[in-house]
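Colleague: Can you walk me through this one? I'd like the packing, in plain words.

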Amino acid sequence: MATTSIARPQAGVRPEGGGLLHRLFGRQPAGYLFLLPWLVGFLGLTLGPALASLYLSFTDYNLLESPNWVGAANYVRIATADPRFVAAMRVTLLYVVLSVPLKLVFALLVAMAFNRGLKGLPLYRAIFYLPSLLGSSVAIAVLWRQLFAGDGLVNMALWQLFGIEGPSWISNPRYSLYTLVILSVWQFGSPMIIFLAGLRQIPVDMYEAANLDGASKMRQFFKITLPLLTPVIFFNAVIQTIDAFKAFTPAFIISDGQGGPVNSTLFYTLYLYQEGFGFFRMGYASALAWILVVIIGAFTAFSFLSARYWVHYDE
Amino acid sequence: MTKPGIHLHDAQSITRRSLLAGAVAGAAFSALPMGRALAAERVRFVWWGSQERADRTNKAIAAYKAVNPALEIVGEFSGWNDYWTRLATQVAGRNAPDLIQMDYRYIFEYARRGALMPLDDYLGKGLDIADFGAANIDSGRVGGKLYGVNLGVNSSALLYDTVAWQKAGVEAPAPGMTWEQFGERCLALSKAKTRPGIYGMSDGSSVEPALELWLRQRGKSLYADDGKLGFDAADIEAWFSYWEELRKAGAIVPADIAALDQASIETNALTTGKAMATFAHSNQFVGFQKLNKSELGLSIYPSAGPDKPSGHYLKPSMQLSLASTAKSVEAVIGFVNFLVAKPEGVNILGLERGVPASEAMRKELSGSLNAVDKKVVELIAIITKVATPLPPPPPSGAGEITAVLTRVSQEIAFESITPKDGATKFVSEADAILARG
């Protein structure tokens, strides 16, 4: 580091340079000092365990005995002989494909309604954001279970309003995943806030010009709003996709950690959890976790590559 | 705790304030362990179970405070599924609780892996369990060493709502009835429709202890001595078919109601008022009665025929084990002894964890039994007469096979697979799990 000589001598730090600390942290010790709480957390609680799990994924670690190296055996089994991996992948992909677009559309619709200049907007914004704050909590999942159970509120409403005798949505493999999708869509708060901010960025004069030219509202939406919003849509889509892949709490609570009935809510993370903590195959679970990292990475990379064809950053 | 001070002296420029702060911090840190040493010895005790069990256990912990004020016991409890997850994680993280409620299914795995402490040295010296009888002591042995102290004896049993059966005018489940008769009675109860949405019985097809008993009545077993499955596809096909028939007839709860059962007293179809009979462990009768308004009855299983074995066996419902890392071992042993061999402790726990293994303690309890307890004791007396030997402990992977049984029986219940295909699927998946270990 040639720039070290410019470093201003500071209190508590030896100005001579040469020390390992000095060479490492160079001229901005204060900056690194402020970074330290995060850095310690990142190295100790994220990077360290992540590397440990990478090692464990090549072992047969069972929590109680020390791990033995088994090479790529875990990965080979996942790829060739694990029907539950396939089931979990199916459930998770279906969940991502259904919940992410629905949630984004819903969030955009609400954001557009808010953007028309509502009185008391901050209040409504807060109310509509509320489910997202509660969303991943245990209490909401328990509430969902009550709502969609056989004699829950949903069936009571169906019976009173339409005379339909509904099934127990939450414990029927035909519907259980969809109740979780609804739960996810209901938590549209954070993409909505971001959409709202994005909508505010669009210059009003564009709409004025379009109005003068006689463009319909629909045409304005597709020709002005949507193209100018693409960076925000892109951001939301990537974040929500990653979140959906990692969904865990609702399925865990609603199926009591079993992913049932009949694997219908066996999210990938839940399967991973079962293997690791339920059946004590921590090595295998680590391999599953790394495969999820690769899958999420691939999806994100694909999104970024495709972005060049549909995301407009220019004004 | 002088380290922070030395460190500060090393630094070139230290202000008076930072020195003072360091000294205060140092003093605070050094005060911590001392404060602890002065207080009682603190040990952690974990168990699984319902709120009722927690209330009784906490009461016993409080009572033991009078016996040994120097021991501070901190109790933690959770449901069955979470319990094993937490325990494994804590043991792996070298943060094992000192006193562990153990199950017959897991004691072998934990003991073999060195996570538990052998207790033989305390037999007769602090641990007075000689009158448990050989069978009840040996069920806590692994490889000849004692790792678990029997907390009570139980058996799988049939629980039913006495009021509902009476109201429907159907003969309630009773010892001696066959599986066919039992099915007919359940159907009759469903048809009586004393209330909308009630059924004779919960779905037993996914209940592993029930399957085990049913197999034992037919001369088979859940697991053979060599750790493989003790039955074949035809056996379990008959089992699935029996329940399929009852389900289609409406004698037992439909699939989506059965799937709400999360293997706990709280979510059982009997407690939620859907089914008027269910399978459960005999000691759980106490917890069930607590959550059910109408009076419950308790019976042995339906029989396979007059000269067939009952299939019942007396099992240690749970045991107490010490972690190999346990602190204050002698004091903890004293607490264990208080729970299983001292009238005061035994009276507080009652029969909620099973009937005490100690002959003397059974006598001690018999004076103070309430109506609910009496039913449990009567049932255990009946079962003692017809009991067959304790099966070998389940092989590793047994927990996963329980999950497979739940899943396959649900697939059959939701009609995505026939009992025949379900049987083949179950056996092949179970074999694969056992081979994987």
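**Packing in the model**

Modeller: Start with Tyr110(B). Leaving aside neighbours within four places in sequence, Tyr110(B) is in contact (heavy atoms within 4.5 Å) with Leu64(A), Phe280(A), Trp84(B), Leu87(B), Ala88(B), Val91(B), Met102(B), Ala115(B) and Leu116(B). This is a predicted model: local features need pLDDT of at least 70, side-chain atom pairs count only at pLDDT 80 or more, and totals for chains, interfaces and linings use all residues. Residues are numbered from 1 along each chain as its sequence is written, chains are lettered from A and ligands numbered from 1 in the order written, and side-chain values use heavy atoms, leaving out hydrogens and water.

Colleague: How many residues are in the largest nonpolar core?

Modeller: It has 129 residues, and Tyr110(B), Leu322(B) and Phe335(B) have the most contacts inside it. A nonpolar core here is a set of buried (under 20% relative accessible area, 1.4 Å probe, protein chains only) Ala, Val, Leu, Ile, Met, Phe, Trp, Tyr and Cys residues joined through side-chain atoms within 4.5 Å.

Colleague: Which helix gives the most to this core?

Modeller: Helix H4 (residues 83-115) of chain A, with 13 residues. Helices are DSSP runs of H or I, at least four residues; strands are E runs of at least two, and both are numbered from the N terminus. Apart from that core lies another, of 47 residues, among them Ala210(B), Val408(B), Phe426(B) and Ala430(B).

Colleague: New topic. What does chain B have in helices and strands?

Modeller: Chain B has 18 helices and 12 strands. Its C-alpha atoms fill a box of roughly 85 × 50 × 45 Å along the principal axes. Of the 437 residues of chain B, 54% count as buried.

Colleague: At what angle do H9(A) and H11(A) cross?

Modeller: Roughly 155°, with the axes of H9 (residues 189-201) and H11 (residues 217-245) of chain A coming within 10 Å. That makes H9(A) roughly antiparallel (over 145 degrees) to H11(A). The contact includes Ile194(A) and Phe195(A) of H9(A), and Leu229(A) and Val232(A) of H11(A).

Colleague: Last one. Is Ser176(A) buried or exposed?

Modeller: Ser176(A) counts as buried because its relative accessibility is 1%. Ser176(A) is found in helix H8 (residues 176-186) of chain A. Not counting residues up to four places away in sequence, Ser176(A) touches Trp169(A), Ile170(A), Pro261(A), Ser264(A) and Thr265(A).

Terms used
Axes fitted to C-alpha atoms, helices over the stretch in contact; angles between N-to-C directions. Parallel < 35°, antiparallel > 145°, perpendicular 65-115°, else oblique. Buried < 20%, exposed > 50% of the residue type's maximum accessible area, 1.4 Å probe, protein only.
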